[in-house]
Amino acid sequence: MTRTAFITGTTAGIGEAAARKFVNDGWQVIGTGRRADRLDRLASELGSNFRAVEMDMRDTSSFDQLAKSSGPVDLLVNNAGLAPPMSGLQAAEQDPLDTVIETNITGLVALTRAFLPGLIEAKGAIINLSSVAATYPYKGGAVYAGSKAFVRQFSLGLRCDLAGTGVRVTSIEPGMVETEFTLVRTGGDQAASDALYNGADPMTAQDIADTIFYVATLPAHLNINALELMPVSQSWAGFAVERKA
Ligand code: 8X3
């Protein structure tokens with residue numbers, strides 16, 4: 001029986017690679033994004049097993065209707081998300097922070113709530129894209145890290161809510177993946193993005209899409225709660241200590 005995945009943020013990076021992976025493995029995919037031209041391009045590449053939905057994760061009032069019109073869904077992949085510019089909170093503008101909180105947290109919760117009745121009926125699965133930043137803070141990333149810590153803890157809490165329903169929930173927590181993530185975070189600074197990934201042999205969107213697919217196709221009795229991934233080149237630095245002069 002053909003299964004259906006609803007994947008947010010399929011216009012680039014991990015979401016796009018995941019849409020391709022699931023369609024190529026015989027799933028139907030409903031993929032969302034804000035950029036119609038990119039959705040159209042993906043739809044022409046993937047054919048009739050891909051249905052594009054142009055939407056913004058902040059438009060939560062449309063989600064109940066969207067869940068109804070999507071038909072039966074076996075898997076929800078909450079991938080859409082972004083980071084504000086790297087900056088201490090003391091120097092940050094509020095608007096970009098609101099966009100991140102509304103997209104990474106409010107939108108994700110609202111979409112999940114809207115799809116839950118169908119996912120419970122299907123005994124389906126929810127895969128949420130968190131980040132290593134959920135666990136390991138770094139300078140300039142407080143709101144992003146906080147949003148991803150929310151995603152991780154929300155995923156674990158949801159498992160409690162869904163006990164007995166058969167619905168699986170996983171928080172996937174990648175480190176450095178070369179996508180448009182850094183381009184967005186830096187406001188389109190290609191040189192900064194290239195400098196970050198250059199020589200680091202980062203993970204690829206395909207690596208994470210393959211991981212999502214692996215988690216989604218595990219036996220129904222098995223739940224991976226959280227899965228943290230990094231490229232081998234990435235690890236941790238020590239604590240920062242400010243000393244008196
Ligand atoms: C982003 C992870 O390591 O690139 O989610 O900051 S990292």
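Is the crossing of α4 and α5 left-handed or right-handed? In this predicted model, local features need pLDDT of at least 70 and side-chain atom pairs count only at pLDDT 80 or more, while totals for chains, interfaces and linings use all residues. Residues are numbered from 1 along each chain as its sequence is written, and side-chain values use heavy atoms, with hydrogens and water left out.

Two packed helices are described by the angle between their axes and the distance between the axes. Helices are DSSP runs (H or I, at least four residues) numbered from the N terminus, and axes are lines fitted to C-alpha atoms over the stretch in contact, with angles from 0 to 180 degrees between N-to-C directions. The axes of α4 (residues 94-122) and α5 (residues 142-161) come within 9 Å and cross at roughly 15°. This makes α4 roughly parallel to α5 (angles under 35 degrees). The crossing of α4 and α5 is right-handed, the near helix being turned clockwise from the far one by less than a right angle.

Oxygen atoms of the ligand make polar contacts (pairs of N or O atoms within 3.5 Å): the side chain of Ser 131 has an N or O atom 2.7 Å from a ligand oxygen, a polar side-chain atom of Tyr 144 lies at 2.5 Å, and for the side chain of Gln 234 the distance is 2.9 Å. Taken alone, the ligand exposes 250 Å², of which the protein buries 87% (Shrake-Rupley method, 1.4 Å probe).

Technical notes: Polar contact = N/O pair within 3.5 Å; in protein donor to acceptor, adjacent residues only side chain to side chain. Helix = DSSP H or I, 4+ residues; strand = E, 2+ residues; numbered from the N terminus. Parallel < 35°, antiparallel > 145°, perpendicular 65-115°, else oblique.
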